[in-house]
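Please consult the sequence and the structure shown here while reading.

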Amino acid sequence: MITYKSCSATSDTYGETNDCTVRALAIACNQPYIKAHAIMSQRGRINRHGAYKPQYISALSDLGFRAVHVPRTTAKTISSLHKQLDPSKRYIVEVSGHLLAYVNGTIEDWTGDPERKPSRKRIENIMVIEPLMSKNAIRKASRYKLTH
């Protein structure tokens with residue numbers, strides 16, 4: 001499973017900053033940071049700079065996932081997410097100028113560090129991350145892929 005700490009190690013080797021979008025995608029899609037970083041670069045993200053919503057939404061489809069907007073919940077801040085979201089699903093949460101992943105009932109971000117005081121950043125948008133195809137369909141497609 002990809003976590004914030006595992007992404008941090010790879011991000012540090014790249015000398016990256018402002019890569020919350022890349023980390024959130026890698027964690028929510030359970031894909032390696034390197035793969036998410038490469039796809040975001042293809043989508044126009046410049047190293048050590050942030051990303052825009054159309055860039056990461058299209059990167060999600062490249063990774064084989066889609067984002068479904070969650071209707072308004074009563075969770076208003078990051079610290080109250082665990083009360084409202086289903087711990088068995090994967091989410092990407094937007095706050096002002098930042099993106100984070102919520103996976104397995106845990107906030108995978110520096111804002112979710114248990115040693116720090118819970119973050120009071122206001123939530124702007126919550127999206128459930130769903131695969132475009134089931135695992136079984138992906139396995140079958142790779143098995144019967146035609147070669148030219």
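Contact here means heavy atoms within 4.5 Å. Helices (H or I, at least four residues) and strands (E, at least two) are DSSP runs, numbered from the N terminus. The model is predicted: local features need pLDDT of at least 70 and side-chain atom pairs count only at pLDDT 80 or more, whereas totals for chains, interfaces and linings use all residues. Residues are numbered from 1 along each chain as its sequence is written, and side-chain values use heavy atoms, with hydrogens and water left out.

- Gln55, Tyr56, Ala59 and Leu60 are the buried residues of H4, where buried means under 20% relative accessible area, exposed over 50%, and partly exposed in between (1.4 Å probe, protein chains only).
- These residues lie on the same side of H4, because they cover an arc of only 135° around the axis; the arc is that of the directions from the helix axis to the C-beta atoms.
- In general, an α-helix has 3.6 residues a turn, so residues three or four places apart point the same way.
- The cover over the buried residues of H4 includes helix H2 (20–29), helix H3 (33–42), S1, S2, strand S3 (98–103) and S5.
- Gly64 follows H4 and has a positive phi, near 90°.

**Salt bridges between separate elements**

- A salt bridge is a side-chain nitrogen of Lys or Arg within 4 Å of a carboxyl oxygen of Asp or Glu, and the count by this rule is five salt bridges.
- One of them joins Glu94 to Lys53, with the closest N and O atoms 3.4 Å apart.
- Because Glu94 belongs to strand S2 (residues 90–95) and Lys53 to helix H4 (residues 53–62), this pair ties together parts that are 41 residues apart in sequence.
- Glu94 is buried, at 12% relative accessible area, while Lys53 is partly exposed, at 37%.
- Another salt bridge links the side chains of Arg66 and Glu130 (2.8 Å, N to O).
- Arg66 is in strand S1 (residues 65–69) and Glu130 in strand S5 (residues 123–131), so the pair ties together parts that are 64 residues apart in sequence.
- Both partners are partly exposed: Arg66 has a relative accessible area of 43%, and Glu130 has 26%.

**A salt bridge between buried residues**

- Arg23 and Asp19 form a salt bridge through their side chains (3.1 Å, N to O).
- Arg23 is buried, with a relative accessible area of 10%, and Asp19 is likewise buried, at 5%.
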